[in-house]
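Here are a few friendly notes to read alongside the structure. Please keep the view open and look up each residue as it comes up.

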Amino acid sequence: MKRIIGLLATCMLALSIAPSAFADTDRSFSDESIYDLLVDRFNNGIESNDFGADAKNPAIFNGGDFAGISNRLQHLLDMHFTMISVGPVFKTASYDGNEVLDYYEIEPHFGTAEEFTALIEEMHANDLKIMADFPLVGEVSDPAVQQELTKAAVQFVSDYELDGLRLTLLDNADTEFLNHMIEAVKEANKGLYVITNEQSDASFDSIPAEKRSAAIQESFVQVDSETSSLDQFSNEDAGKLLQFDDLTGPRFTYKMVELRQFPPTRWKVATVAQFMLPGVPLVPYATEIAVNGKEAPESHPFFNFKTDMELHEWIGDLNTLRNDSETLRTGDFKFLHNKDGFVVFERSSEEETWIIALNNTSEVQSFELDPAVIGENKKLRGVVGQDLIKKTKDDKYHVVLDREMAEVYIIEEDKGFNTPYLIASIMVVVLFLAFLFLVIRKGKQGRNADSVSEKK
């Protein structure tokens, strides 16, 4: 019976999201969402490559490897990211991979070239893209070094079927060289995304939206913060990297703990903003356990999979919404209200309209939505907190949100009864009664059999 009820609940959920526009197969970088991890700090799969590693010493290799990522693949799949970034994987003097020693050799602590290839294939088999970092080490202004770096990058993307390459440590790299390198690796690997984690005028597929990311952090790091800095968001940000937690500086949790804020609440409201505002969400590893830390290596702890993961499912739900709706990824963006920590905005297209409300205050907030904005005979169905809003007698839709809460509403036609829900509810009752009938009947049959045996 539990299986039957579970199946029906799943069916009802599927029916409830039926109005949404589902993802296209022809995706661009604007459609992606990225989980950013460090191989050495994620999970230890095998011990044979742990030479010199110590999980208790954050300054050196901790033992994470490709096999460890593979062993925790379901953890990644459950968060529904479209792409996993594994950082630098070349032979290196540092656990984070940034001190490259040899571009033509995979770091032995991480595994072998064959194991890296196997991980890539496993990711692809599960519809996950994979990206790696390419740190520009050496005197990048030297033409000879530039030539060698380009050669190594081309060889790397030719040897491994990567979906993305992130160029880091740009420093003295000029735009002409970067453009040449981007063109070369894309020629070697058709369809490859090439991005960076720094500001650049080169022809990258994406660069960080630094001011927008800072706006999210500043707006939601504590309750009752000013949110006017969010006004800078626009449709033009759709393809830019959006991240308010970072592996190169203090983690978001560190900043909120310093202000004596409650991490889970702060994280939940902030991640709704990150996934629903224009931009490509990039989420560092261990965000799902609200990891703390001021700077590396403290901010790069070995992932503790035994820690409470309240944000794991939350991030998965947000990613599911974004993946299933092209409108939430690239639709038209418009602010409806942004005052004193209460934010309401719209994402819309010809197919659908969403209203996102973020209450970052210590009090209940409300906003009157006029039918002129979303149309007559509509209802707002909350897909996060399951709120339901219909037009009231004053001819308004009242968006009311409790303190420090967020809700994502899909606009639907208000046709009175919800037929799919009604049918599903009737099915639950009918199946439950049928189950009771079978149990009672089986019980009677058992008693009758016992009675016959006693008479004999």
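**Notes on the predicted model**

1. Let us begin with one residue. His124 counts as partly exposed, because its relative accessibility is 28% and that class lies between buried (under 20% relative accessible area) and exposed (over 50%), judged with a 1.4 Å probe and protein chains only. You will find His124 in helix H5 (residues 113–125). Leaving aside residues up to four places away in sequence, His124 touches Ile130, Glu161 and Asp163, where a contact means heavy atoms within 4.5 Å. His124 and Glu161 are 37 residues apart along the chain, and their C-alpha atoms are separated by 9.4 Å.

2. A word on the source. This is a predicted model, in which local features need pLDDT of at least 70 and side-chain atom pairs count only at pLDDT 80 or more, while totals for chains, interfaces and linings use all residues. Residues are numbered from 1 along each chain as its sequence is written, and side-chain values use heavy atoms, with hydrogens and water left out.

3. Now the overall picture. The protein has 14 helices and 17 strands; these are DSSP runs numbered from the N terminus, with helices being H or I of at least four residues and strands being E of at least two. Of the 456 residues in the protein, 49% are buried. Among contacts with a separation of 6 or more, 69% are between residues 24 or more positions apart. The accessible surface is about 21,800 Å², and carbon and sulfur atoms hold 52% of it; the areas come from the Shrake-Rupley method with a 1.4 Å probe, and for residues only the protein chains shown count as cover.

4. Next, an open sheet. Seven strands form it with parallel pairing, in the order S7-S6-S5-S2-S1-S9-S8; two strands pair if DSSP finds at least two bridges between them. Why is one side of strand S7 (193–196) and of strand S8 (241–242) left without a neighbour in the sheet? Both stand at the edges, each with a single partner strand, so one side of each has no neighbour there.

5. Within this sheet, follow strand S5 (residues 129–135), which is mostly covered, with six of its seven residues buried. Strand S2 (residues 83–85) pairs with S5 in the parallel sense over three bridges, and Ser85 has Met131 in S5 as its bridge partner. S5 also runs parallel to S6, and five bridges join them; here Ala132 has Leu165 in S6 as its partner.

6. Another set of strands pairs in the antiparallel sense. Strand S11 (residues 342–348) and S12 are joined by seven antiparallel bridges, and a hairpin of four residues connects them. Val343 has Leu358 in S12 as its bridge partner. S12 also pairs antiparallel with strand S17 (residues 405–413), over six bridges, and Asn359 stands opposite Met405 in S17. Strand S12 (residues 353–359) is largely enclosed by the rest of the structure, because six of its seven residues are buried.

7. Where is the lining of the largest pocket nearest its centre? Asn197, Gln243, Asp246, Leu247 and Thr248 lie there, out of 31 lining residues. Strand S6 (164–168) and helix H8 (210–220) are the elements giving two or more residues to this lining, and H8 gives the most, with four. The space in the pocket is about 650 Å³. A pocket is an open set of points on a 1 Å grid over the protein atoms alone, where a 1.4 Å probe fits, with protein on both sides within 12 Å along at least five of seven lines; lining residues have an atom within 4 Å of a point. Grid points are joined across faces, edges and corners, and the volume is the space filled by probe spheres set on the points.

8. Finally, some backbone details in loops. The peptide bond from Ala296 to Pro297 is cis, with omega near 5°, and Pro297 is in the loop between strand S9 (280–284) and helix H11 (310–324). Asp224, in the loop between H8 and S8, has a positive phi near 65° although it is not a glycine. Gln386 has a positive phi of about 65° as well, and its loop runs between strand S14 (378–382) and strand S15 (388–390). Is each of these residues exposed or partly exposed? Asp224 is partly exposed at 45% relative accessible area, while Gln386 counts as exposed at 57% relative accessibility.
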